[in-house]
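Subject: The model we talked about

Hi,

Here is the structure I promised to send over. Have a look at it first, and then read on for what I found in it.

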Amino acid sequence: MTVGLGVSIGTVNTVCAIDTAESGKNARGRKRGESGRRTRASGPRSALPQRTAPGTWRTTLTFDSSGAARVGRIPRHGRAVTDFADLTERGRTARVRHRSLSAADLVATVARTVVADVSAHVVATADAHSPETAVAVTHPVSYDGDRVRELRDALDAIGLSHAALVAEPVAAAAWLAVAHGPLMPGLALVYDLGGSGLTVTLVRIGAGTPARPVVGEPLRSTAFGGRAFGAKMATQDNWRAGESSAADSAITALRTAHVRESLDVVYECLGRARVTMADVDCVLVVGGAARPPEVAAVLASALARPVIVAPDPERTIAEGAAVLARRAAESARKSEVAEAPERPEPPRVLRRRLTRVAVTIAVAAGGALFAATAVVGDEAGAQSMGAGVVHVQH
């Protein structure tokens with residue numbers, strides 16, 4: 001059995017998801033159309049680990065005296081390394097036991113630590129044989145070739161040379177294909193509202209998707225997202241005063257206006273790709289800051305397209321990466337089996353023994369078939385037994 005591990009390392013949180021062949025469509029999310037109604041669907045549960053099993057960590061690193069790394073801890077006394085996940089921001093380094101670690105090294109350290117912990121979880125919860133794990137690590141679609149190679153080199157150096165690198169909107173589209181597929185060929189707008197910013201990307205979906213499905217130029221803005229909205233809230237006084245219901249309504253109104261302002265980024269992304277919303281089939285909303293329902297509501301109302309949101313949109317990218325990792329590993333194994341050389345023909349004596357065994361099995365199968373069908377009628381049972389005898393003679 002192959003288990004896919006998808007790791008999404010964001011500025012605020014790191015998410016790891018797993019995917020197995022028995023996972024089904026547990027990742028089905030809710031769809032909000034023009035009417036604003038939401039539907040949530042779920043698939044059959046499996047005894048094996050599901051895509052939601054591993055969990056979420058804060059994107060922080062701490063190192064003990066031996067240099068061992070821990071992810072997600074913020075010590076009361078001591079120092080934690082933070083704000084290193086974005087490789088486009090230069091100058092993020094850490095010194096560990098006389099070694100200087102770059103931002104790419106820190107990201108690779110987070111990936112290795114999380115993969116080791118989750119792999120141990122997968123092995124511990126497996127029913128029988130130890131499963132084979134395939135890993136995919138996501139990266140922002142805005143990375144250029146140098147940033148991707150830098151991250152690739154860091155993963156290779158730390159022992160994750162087998163891990164694949166996947167752009168975040170491509171992994172999100174893979175989740176969409178599993179959760180709401182099969183998809184017709186079309187275009188999806190991925191609205192990624194995370195803690196540190198907003199990224200809007202157009203991605204080809206459905207049958208015949210090219211190897212590079214991103215259309216046009218992805219756009220990123222740090223004026224929107226969890227941190228930007230928190231800074232905007234800090235400047236408001238009315239949401240602090242009064243009853244809690246009044247404060248909640250003030251926050252909802254502020255967030256609604258915040259999402260509506262982000263539509264300029266959406267329209268600019270469409271303009272650079274020379275398409276309109278009429279060419280877009282659906283809007284896929286991902287990211288931890290996209291959990292509030294007013295985010296999808298504003299997008300559905302303004303863009304007039306079906307808006308799809310997972311039950312936990314922060315996990316969408318990691319779950320899609322896990323799907324891609326598992327399918328790539330299974331495809332590679334099938335290719336190896338297809339290209340394997342043919343086995344030599346067994347000797348004549350062995351062929352005779354195999355023939356005797358085959359005859360014995362065929363006779364037993366004919367008798368069982370006769371016993372099963374004779375209950376219905378003697379004529380049908382005789383015909384079934386006759387078919388078994390003919391098979392043995394052949």
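Glycine 195 is partly exposed, because its relative accessible area is 24%; buried means under 20%, exposed over 50% and partly exposed in between, with a 1.4 Å probe and protein chains only. This glycine sits in the loop between E12 and strand E13 (198-205). Helices (H or I, at least four residues) and strands (E, at least two) are DSSP runs, numbered from the N terminus. Leaving out residues up to four places away in sequence, glycine 195 touches Val12, Gly225, Gly226 and Arg227, where contact means heavy atoms within 4.5 Å. Arginine 227 lies 32 residues from glycine 195 along the chain, yet their C-alpha atoms are separated by 5.7 Å.

A word on what you are looking at: this is a predicted model, in which local features need pLDDT of at least 70 and side-chain atom pairs count only at pLDDT 80 or more, while totals for chains, interfaces and linings use all residues. Residues are numbered from 1 along each chain as its sequence is written, and side-chain values use heavy atoms, with hydrogens and water left out.

Now the overall picture. The chain has 10 helices and 16 strands, and buried residues make up 43% of its 394 residues. Among contacts with a separation of 6 or more, 67% are between residues 24 or more positions apart.

Next, helix packing. Two packed helices are described by the angle between their axes and the distance between the axes. Axes here are lines fitted to C-alpha atoms, for helices over the stretch in contact, and angles run from 0 to 180 degrees between N-to-C directions.

Helix H1 (residues 103-125) packs against helix H2 (residues 145-158) at an angle of about 50°, with the axes 8 Å apart. H1 is therefore oblique to H2; angles under 35 degrees count as roughly parallel, over 145 as roughly antiparallel, 65 to 115 as roughly perpendicular and the rest as oblique. Their crossing is right-handed, a crossing being left-handed if the near helix is turned anticlockwise from the far one by less than a right angle, and right-handed if clockwise. Residues of H1 that meet H2 include Val107, Ala108 and Ala111, and those on the H2 side include Leu151, Ala154 and Leu155.

H6 and helix H7 (residues 293-303) also pack at an angle of about 50°, with their axes 12 Å apart. That angle makes H6 oblique to H7. H6 passes H7 in a right-handed crossing, and the contact is made by Leu263, Val266 and Tyr267 of H6 with Leu299, Ala302 and Leu303 of H7.

Which residues of helix H6 (residues 263-273) are buried? They are Leu263, Val265, Val266, Cys269, Leu270 and Ala273. These residues lie on the same side of H6 because they cover an arc of only 160° around the axis, the arc being that of the directions from the helix axis to the C-beta atoms. In helix H4 (residues 226-234), Ala228, Phe229 and Met233 are buried. The buried residues of H4 fall within an arc of 140° seen down the axis, so they line one face of the helix.

Threonine 256, in helix H5 (residues 244-261), is buried because its relative accessible area is 16%. Apart from neighbours within four places in sequence, threonine 256 is in contact with Glu294 and Val298.

Finally, some backbone details to look at. Most residues other than glycine have a negative phi, and most peptide bonds are trans. Arginine 274, in the loop between H6 and strand E15 (282-286), has a positive phi near 60° and counts as exposed because its relative accessibility is 78%. Aspartate 83 also has a positive phi, near 55°, and is found in the loop between strand E7 (69-71) and strand E8 (94-96). With 27% relative accessibility, aspartate 83 counts as partly exposed. Glycine 181 and proline 182 are joined by a cis peptide bond, with omega about -5°; proline 182 is in the loop between helix H3 (168-180) and strand E12 (186-193).
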